[in-house]
Amino acid sequence: MFSTTLHHLPRPIRSSFTRKIVSRRMSTNPAIEPKVRKFESVEGADISSTSQSDGIRFRLVSYNILAQVYVKSALFPHSPPACLKWKARSHAIHSVLKNLEADFFCLQEVDEYDSFYRKNMESLGYSGIYIQRTGQRKRDGCAIFYKPSCAELITKERIEYNDLVDSIKADSVTCSEQKIETSNERKGDDKAKDSRKDSRDLNDPLVRLKRDCVGIMAAFRINKPFQHIVIVANTHLYWDPELADVKLAQAKYLLSRLAQFRTLISDEFECTPSVLLAGDFNSIPGDKVYSYLISGNVKPAETIIEEDAPLPLSSVYEVTRGEPKFTNCTPGFTNTLDYIFFSPSDFTKPVSILQLPEPESPDVVGFLPNHHHPSDHLPIGAEFEICQ
C-alpha cells in the first residue's frame, strides 16, 4: 500500500533507573489517547449553546474504524507499533464512540463484531445490525448501531454489490439463448467456468464486478416528540482507483436499491421518510461517484453525468461548511473519502456537524493511525432536526 519505508535507528541502552521511570510512565499513559472533537452548529456557534426546538433531533456518526485484519506494520510503517495492537486500538475505539454520543453509528470495516463491538456497544446502550462482506476471504463488514431509547428498528435489507455480477450473467444468458442448443460445447464445461471464475482477468466483467463489497439499510421509527420514520443506510464501496467504473456501478446500484426501499416504506406506512446515507465511498469530492450521488438534487457545473440519480441527496458537510480537507490520512493518500448524505426537504435539515482537524493539527501530524486516532480514517458526524 505504501512505498515509503521508515528505517529505525537502534535504541540507546538505558540504565535500570531510566527503565523504571519509562515503565511507570507507560503504565499510567495508555498507548492511544483519543482526540474527540465537538459538534458545532451550522451557524458557527457551539452546539451546546443552541436552543432546543420542538422538533426531533438526533446525531449520526460515520466512521471507518479500520479492521484489525488489515492492520499490518508493513502497511503502516509510520504508525507507532503500540497504536496498531488490537488491545490498545479497541480501548481507543470504544472511548471515541462513547464520547461522540451519537444516536446512530454507521461503522465500516467492522471485523470483531461478535467478540467486541456488539457487547461493548450494548454496554453503552446500543443495539446493532451487521452485514459481513461477501465471500470467504473477507472478515469485515458494515454495522449500524442505534439507541433503542431513541429509535425503533422497523425493517432492514442487505446490499450485496456482487448482485451486479448476477445481472451481467442474466444479460449474457438472454443474449446467448440461441447458443444454448449447441450442448456439445457445454458438456463438461464446469472446468472452464471455474477457470473463468478464478481468473484475475479484469477485462472479464464478471471478474471486474465481483469485489465482495456490501451495505445495509434500515428503517427506524422515532416516537418522541412525535412519530417519524428515518431510513439509515451504511456502505463501503470498492477502493481501487483503477476500477472507477466498478465504484460508479456500485453507487448506481446502491441508490437504485435505496430508492426502492424508500418507496416500499412510504407505501407501507403512508409516510415521507427522511433518508440518510453514510459510509466510506472511496471517492473524492467532484469525481464521478460523488457527482452521481448528488446529481438527483443538484448537478454540479462542468460535470457530465449520463443519468441523474433516482434519489435526491445532498452532502451534509458540503451544504454547511464545505467538504473536509481530508477524512483519510496516510503517507500514500490523504483526502476525503467519507460522507454523510441526506435527502433535503422542508422538514429535515442538519443543525450541527462534527468538527474535523486541519492538516497542521498536532493530532494528525505524522499521519494515522497514531496516539490520538485509532484508525487511518476520521469520524464524521451530523446532528439533524426534523420538524412537523
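How many aromatic pairs does a search of the whole structure find? The search was run on a predicted model, and the count is 18 aromatic pairs.

A pair of aromatic rings is described by the distance of the centres and the angle of the planes. Phe116 and Tyr117 form an edge-to-face pair. Phe116 has a relative accessible area of 11%. Buried means under 20%, so Phe116 counts as buried. Tyr117 is buried as well, at 1% relative accessibility.

Tyr161 and Tyr253 also pair edge-to-face. Here the distance is 6.2 Å centre to centre, with 70° between the planes. This pair links distant parts of the chain, 92 residues apart. Tyr161 sits in the loop between β6 (152-160) and α5 (163-175). Tyr253 belongs to helix α9 (residues 244-269). Both Tyr161 and Tyr253 are buried.

Aromatic rings also gather in a group. One aromatic cluster is formed by Phe58, Phe104, Tyr146, Phe220, Phe342 and Phe384.

Charged side chains meet rings too. Arg59 lies over the face of Phe39, 4.0 Å from the ring centre. Lys252 places its charged end over the ring of Tyr292, at 5.8 Å from the centre of that ring.

Is Ser62 buried or exposed? Its relative accessibility is 1%. The cut-off for buried is under 20%, so Ser62 counts as buried. The side chain of Ser62 has two partners to describe here. One is the side chain of Gln108, with a polar contact at 3.2 Å. The other is the backbone of Gly279, whose nitrogen lies 3.4 Å from a polar atom of the Ser62 side chain.

Empty space was searched for last. Rolling a probe the size of a water molecule over the atoms shows where empty space is left. Across the whole structure, the search finds 1 cavity of 30 Å³ or more. The largest cavity holds about 110 Å³ of space. It is lined by 15 residues. Lys35, Val36, Arg37, His373 and Pro379 are the closest of them to its centre. Which classes make up the lining of the largest cavity? It has 10 nonpolar residues, 3 polar residues and 2 charged residues.

Note on methods. Residues are numbered from 1 along each chain as its sequence is written. This is a predicted model: local features need pLDDT of at least 70, side-chain atom pairs count only at pLDDT 80 or more; totals for chains, interfaces and linings use all residues. Side-chain values use heavy atoms; hydrogens and water are left out. On a 1 Å grid over the protein atoms alone, a cavity is a set of points where a 1.4 Å probe fits but cannot get out, and a pocket is an open set with protein on both sides within 12 Å along at least five of seven lines; lining residues have an atom within 4 Å of a point. Grid points are joined across faces, edges and corners, and a volume is the space filled by probe spheres set on the points. Ala, Val, Leu, Ile, Met, Phe, Trp, Tyr, Cys and Pro count as nonpolar, Asp, Glu, Lys and Arg as charged, and the others, Gly among them, as polar. Rings of Phe, Tyr and Trp (its six-membered ring) pair if their centres lie within 6.5 Å; planes under 30 degrees apart count as stacked, over 60 as edge-to-face and the rest as tilted. Buried means under 20% relative accessible area, exposed over 50%, partly exposed in between (1.4 Å probe, protein chains only). Helices (H or I, at least four residues) and strands (E, at least two) are DSSP runs, numbered from the N terminus. A charge sits over a ring if NZ of Lys or CZ of Arg is within 6 Å of the ring centre and within 35 degrees of the ring normal. A polar contact is a pair of N or O atoms within 3.5 Å; within protein, one must be able to donate a hydrogen and the other to accept it, and residues adjacent in sequence count only if both atoms are side-chain atoms.
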